[in-house]
Amino acid sequence: MRYVATVFLCLLLSQVAWAEPFMSPESVPSARGFHKKVIADGLSHPWGVAWLPDGSMLVTERPGRVRHLNEDGTTRTYKVPGGPAVVVVGQGGLLDISLHPNFAENGLVYFTLATGTRHSNRTTLARAYFDGKKFSKLEELFRVSQAKSGGQHFGSRMIWLEDRTLLMSVGDGGNPPVRIGDVLSRTLAQDGQSHLGKILRLTDAGMPVAGGSFGGQSDILPEIYSMGHRNIQGLAVDPIRNTVWASEHGALGGDELNRITGGNNYGWPKATFSKEYLGARDISEHTTLPGMTDPELVWLSGIAPSGLLLYTGDKFPKWRGDLFAGGLKDQSIRRVVLDQSGRVLGEEIIRVGQRVRDVQQGPDGFIYLLTDESDGKLIRLEPSEETDPNP
Ligand SMILES: [Ca+2]
């Protein structure tokens, strides 16, 4: 009986240990077997990249332009006419870009952007037609219902689910003392009537999906997919494990990698490892709470995570099924090694030496990254025999 009880206790403890997030160590080994090739430079704070059917690329620049990079090295610059005007303030501006899953037939390109003014602005979803030579008819599809002030925490990555609905991340609106009405903006991440601090699920026309994601809870808006987020700037579809991953900025440290399931609450700001910028005080006394979903990985000292990729290509066979998280502060990409179930096994670092804004897989199976600089670059990772590319 005692043996049975001991086995049961061990099983119980192993279950508890399983639920603990992987804590990223201070020192992470270097990834090997690749080199970096600069494909384009002179990009002004590039934010997102999308590939057209002909292999050329559309890159958003935060100041409000779209660059078209052709395979022959020529580039074209577009302003997208019509629709809501971009407000360029702090982290805000023209942000992510994504082609409609049916782009080959309908020519629709989706954008997230900040609109309004420096003192009153909102994360907004819009789309335009692109005929290969010009954009036309930018139309607003959705905007966050509450305006906020200042230039912090707009989100806003986009990914498409298999059913052709769109997930879009929206930040919590800003650090204290940013307030909306009589509350700190950050607390609205726990308010089911606010779009701030959420992942939203929308139709391709920007409407809520019938039924919502929270089982019809009447106090949670139907367009909310998950809640309790601070500022997600990395979203990735995982076709291997049929799930979604998100990388999320903490304040001072406590950045997170989360496995996203519709209808879940991810805790911010009630449960977090993060600390206040001022005085490095704990933001919450809790790092975990009942009813809230813990992160899979915590970068305790912070990398400022931006674009996120789940690699499925054939150029780096050993990297298939792993996550690649860009870091702004860390000036790197973290390879997050996952097992078949999606549990985090460990990490490696790809040093870039510039703030990394986005990480994507091209249709050619190479890994591409954008650097967040006034002279921003599009860089391609290619396989290499080199033993140590990060001397
Ligand atoms: Ca969390």
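1. Over residues 43–380 the chain is 1% helix and 41% strand, with the end C-alpha atoms 15 Å apart; helices (H or I, at least four residues) and strands (E, at least two) are DSSP runs numbered from the N terminus. UniProt lists these residues, in an unreviewed entry, as "domain: Glucose/Sorbosone dehydrogenase", and such annotations may be inferred rather than shown by experiment.

2. This is a predicted model, in which local features need pLDDT of at least 70 and side-chain atom pairs count only at pLDDT 80 or more, while totals for chains, interfaces and linings use all residues. Residues are numbered from 1 along each chain as its sequence is written, and side-chain values use heavy atoms, with hydrogens and water left out.

3. The calcium ion has as its protein donors Glu256 (OE), Glu256 (OE) and Tyr266 (O), at 2.3 to 2.6 Å. Because Glu256 lies in strand β19 (residues 255–260) and Tyr266 in the loop between β19 and β20 (297–299), the pair ties together parts that are ten residues apart in sequence. Donors here are N, O and S atoms within 2.8 Å of the metal (3.2 Å for Na, K and Ca), and since water is not among the atoms, sites may look incomplete.

4. Glu256 is buried, at a relative accessible area of 5%, and Tyr266 is likewise buried, at 2%, where buried means under 20% relative accessible area, exposed over 50% and partly exposed in between (1.4 Å probe, protein chains only).

5. Asn265, placed in the loop between β19 and β20, counts as buried at 12% relative accessibility. Its side chain is joined to that of Gln190 by a polar contact of 2.7 Å, and a polar atom of the Asn265 side chain lies 2.9 Å from the backbone nitrogen of Gly267. A polar contact is a pair of N or O atoms within 3.5 Å; within protein, one must be able to donate a hydrogen and the other to accept it, and residues adjacent in sequence count only if both atoms are side-chain atoms.

6. The largest nonpolar core has 21 residues, and those with the most contacts inside it are Tyr110, Leu125, Phe142 and Ile224. The largest share of this core, three residues, comes from β12. A second, separate core of 18 residues includes Val66, Val80, Leu94 and Ala128. Such a core is a set of buried Ala, Val, Leu, Ile, Met, Phe, Trp, Tyr and Cys residues joined through side-chain atoms within 4.5 Å.
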